[in-house]
Amino acid sequence: MTGLRARLHAAACSDTGPHRATNQDAAFTAPWGAAVADGVGGGPAGDLASATFVHRLAAGRLDGLEPVQLADSVRSANWDLRAHVERDPSLSGMATTFTGLFADRDGGVLLAHTGDSRAYRLRGSELTQMSRDDSLVQALVDQGLVSIAEAASHPRRNLITASLSGAERDAAVVTAFDAPVGDRWMLCSDGLTDYVPDADIRAILNGIGDAAAAAAACVALALDAGSRDNVTVVVCDVVDPALDSAGAFAQTSFYGSAATRYMEGLESA
């Protein structure tokens with residue numbers, strides 16, 4: 001352990017894509033954390049669900065937490081979804097996936113996840129998926145009924161088995177990892193991973209040094225590949241904590257529905 005909290009130089013890019021009327025993805029970046037959320041398709045107000053959750057979570061400034069504290073913060077943000085439904089029953093059923101990366105108190109990072117948005121880590125030149133999809137197809141893979149290659153094009157690959165909807169049973173899996181300077185993490189919605197092979201993602205993350213440019217290149221590649229979904233990519237570089245001593249990366253930024261719907265009056269929705 002370093003004795004200093006990890007610091008992230010993070011940037012994101014989010015695109016509605018040519019086949020969707022609204023962007024149901026939301027994301028935020030900060031020096032202490034970043035997250036992506038994807039409103040569950042087929043339910044009402046997916047853009048509201050993802051934007052509400054991301055803004056409530058980011059407002060807590062989750063810097064230097066223990067796993068149980070992060071799980072509690074996720075639970076509190078999830079309650080905001082329930083509050084919206086209680087005010088407007090027509091929103092019943094709205095839900096969102098969530099994948100977030102946060103600095104812990106011991107110099108590492110905490111990964112929180114539910115749904116089928118993903119987290120990858122590039123360490124050296126090796127890209128590894130660090131999250132496990134909460135999906136029907138992943139369950140079939142785990143049971144040996146479907147191969148990984150078959151899962152990539154399975155017609156029911158978008159059916160998820162866990163999400164955040166304001167229900168008491170909702171939860172995120174929180175896992176701790178070390179965070180040496182030089183690690184690069186990517187968080188993304190399935191608009192990227194359903195259309196772009198991991199090898200192509202690795203080539204971009206390994207070949208483009210700037211986090212914002214790498215995120216934008218991943219989104220562009222997904223759109224070029226014909227993605228029919230919203231596409232959101234967050235790239236987080238673990239940097240020397242001393243670089244943040246003067247607040248070098250102090251700004252919290254929002255993307256996707258967290259930038260648009262919230263600014264159009266999320267709090268009054």
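1. Contact here means heavy atoms within 4.5 Å. Helices (H or I, at least four residues) and strands (E, at least two) are DSSP runs, numbered from the N terminus. This is a predicted model, in which local features need pLDDT of at least 70, side-chain atom pairs count only at pLDDT 80 or more, and totals for chains, interfaces and linings use all residues. Residues are numbered from 1 along each chain as its sequence is written, and side-chain values use heavy atoms, with hydrogens and water left out.

2. The buried residues of helix 7 (buried: under 20% relative accessible area, 1.4 Å probe, protein chains only) are Ala211, Ala214, Ala215, Cys218, Val219 and Ala222. They fall within an arc of 135 degrees seen down the helix axis, so they line one face of helix 7; the arc is that of the directions from the axis to the C-beta atoms. Their packing partners are strand 1 (7–15), strand 9 (184–188), helix 5 (190–193), helix 6 (198–207) and strand 10 (231–239).

3. After helix 7 comes Gly226, with a positive phi near 90 degrees.

4. A nonpolar core is a set of buried Ala, Val, Leu, Ile, Met, Phe, Trp, Tyr and Cys residues joined through side-chain atoms within 4.5 Å. The largest has 28 residues, and Phe28, Phe53, Leu57, Leu70, Val74, Phe98 and Phe102 touch the most other members. Helix 1 gives the most to this core, with 6 residues.

5. Beyond its neighbours within four places in sequence, Leu70 is in contact with Leu62, Leu65, Phe102, Leu110, Ala112 and Val174.

Conventions: Buried < 20%, exposed > 50% of the residue type's maximum accessible area, 1.4 Å probe, protein only.
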